[in-house]
Amino acid sequence: LIGDPLGQHAVALQDSFTLQLDREDMEEVFEDNFPIFLGVLRVLASTLVASEHELGRAIVLRPESDLPFDADAELGLVERILLLRSSMNFAGAEIEAPADLAQESEPLEVPADGVLWRVGDAAHHGVLLVSGKVRGKAADHDPFWFEPGAVVGGVDALSTESRWYSATAETPVRGLLLPTQNLLDVIEDNMTVGMNLLRVIARGIHDISERVEFR
């Protein structure tokens, strides 16, 4: 899923019978059977959330990206499309994919010290941070922060689990609220977006697998 050309070194310790599924074949299965893709996506997202919970901090899956427009600009449809294309995983996808999601996204403004969510709240959306800083805090752990370009709470929503950390605006915050169901609708129509998302989540799991013992 990650697309690492080096891969992992695996040796059979005894005679084994295995099944091989090439990436291209897997993508065809996902395109023909969206519920199978959705099950894989949720398992990977839940695995990453579990590892984040163990670490006590959320993993920013992508580095900060430069905004394609001024941070104070109005977030109209064109700006939302540009923002989604530059900050999320639409590489190789047709323009309709970010355009469809942009139409369903909602501009969000939160004042300093405003609460985005609390521990235990239902997770139905992520927030693509445009400006400001968001502080995350889980019980018995030090706080952590999200900077512009990060999607706050997106993996939690994909896993369908409740929020495991609180999110508070450290400064005045502007962003895009991204309903998870709308993202899934876009993926169902464009599996390139879905495969890119699987790769990013898998990379997040891979990057922290040596620091967390999965349950």
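Begin by selecting T180, which touches H124, H125, A157 and L158 when residues up to four places away in sequence are not counted. T180 is placed in helix α6. Its relative accessibility is 12%, so T180 counts as buried. Please note that the model on display is predicted.

Next, stay on helix α6 and select D185, which is found there. In contrast to buried T180, D185 counts as partly exposed, at 36% relative accessibility.

From E188, turn to F30: the two residues are 158 apart in sequence, yet their C-alpha atoms are 9.0 Å apart in space. F30 lies in helix α1, which covers residues 23-32. With a relative accessible area of 3%, F30 is buried. To display its surroundings, select I36, F37, V40, M191, M195 and L198, with which F30 is in contact once neighbours within four places in sequence are left aside.

The tour now moves to the salt bridges, of which a search of the whole structure finds four. Select E109 and R174, whose closest N and O atoms are 3.9 Å apart. This pair links distant parts of the chain, with E109 in strand β1 (residues 106-110) and R174 in strand β8 (residues 173-179), 65 residues apart. E109 is exposed, at 63% relative accessible area, whereas R174 counts as buried, at 16%.

Then select R135 and E170, which form a salt bridge with closest N and O atoms 2.3 Å apart. R135 belongs to strand β4 and E170 to the loop between β7 (166-169) and β8, so the pair ties together parts 35 residues apart in sequence. R135 counts as partly exposed at 26% relative accessibility, and E170 is partly exposed at 32%.

A further stop is the salt bridge between the side chains of E147 and K133, at 3.5 Å from N to O. Here the loop between β5 (144-146) and β6 (151-152) holds E147, and the loop between β3 (125-131) and β4 (134-137) holds K133, so the pair ties together parts 14 residues apart in sequence.

Finally, display the whole chain. The protein has seven helices and eight strands, and 45% of its 215 residues are buried. Of the contacts between residues at least 6 apart in sequence, 75% join residues at least 24 apart.

Technical notes:
Residues are numbered from 1 along each chain as its sequence is written. This is a predicted model: local features need pLDDT of at least 70, side-chain atom pairs count only at pLDDT 80 or more; totals for chains, interfaces and linings use all residues. Side-chain values use heavy atoms; hydrogens and water are left out. Helices (H or I, at least four residues) and strands (E, at least two) are DSSP runs, numbered from the N terminus. Buried means under 20% relative accessible area, exposed over 50%, partly exposed in between (1.4 Å probe, protein chains only). Contact means heavy atoms within 4.5 Å.
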